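Reader: Take me through this chain. I want each label set against its definition.

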Amino acid sequence: MTAQKFVELLRTAVVDENAVIYRDLFSKTPIEKASDPYWRRALTLFGALPQDQKEVFFEVIRQTVVDTTSNILGVIDGVNGVDGLSGGFELRFNGEEIGGDLQSKLLVSEELDRKIKGVVVD
């Protein structure tokens, strides 16, 4: 597996699929069905938003997942540090190293996808 293929699969599984899950949870869960106080507050907040702001809300969630995934890949790549850790990581698939530039590949892939979908990228 190439690094690019790994990033594409990771992006689909972590970013795209979780974006759908969050959209479904917020759009389809009635507040009275939420037993967790956190979810009740989150659903109340979401329900108070006008439709255009709900879309912004989902964009923020997606970007948060992208940023988090990017930071983790940056740690694996050795670009981002973690206090208390020294040394380097290696990411292997079937014995072959696939790490090294994963963070950049993820961010480029996400930016290209946004351009294709017509989302403004500043």
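Author: The crossing of α1 and α3 is right-handed. This is a predicted model, where local features need pLDDT of at least 70, side-chain atom pairs count only at pLDDT 80 or more, and totals for chains, interfaces and linings use all residues. Residues are numbered from 1 along each chain as its sequence is written, and side-chain values use heavy atoms, with hydrogens and water left out.

Reader: What makes the crossing of α1 and α3 right-handed?

Author: The term right-handed applies if the near helix is turned clockwise from the far one by less than a right angle. The crossing of α1 and α3 is assigned to that class. Their axes (lines fitted to C-alpha atoms over the stretch in contact; angles from 0 to 180 degrees between N-to-C directions) come within 10 Å and cross at roughly 150°.

Reader: Which residues of α1 meet α3?

Author: Among them are Phe 6, Leu 10 and Val 14. Contact means heavy atoms within 4.5 Å.

Reader: Which residues make up the largest nonpolar core?

Author: There are eight, including Phe 26, Leu 43 and Ile 61. A core joins buried residues (under 20% relative accessible area, 1.4 Å probe) through side-chain atoms within 4.5 Å. Both α2 and α3 give two or more residues to this core.

Notes
Helices (H or I, at least four residues) and strands (E, at least two) are DSSP runs, numbered from the N terminus. Buried means under 20% relative accessible area, exposed over 50%, partly exposed in between (1.4 Å probe, protein chains only).
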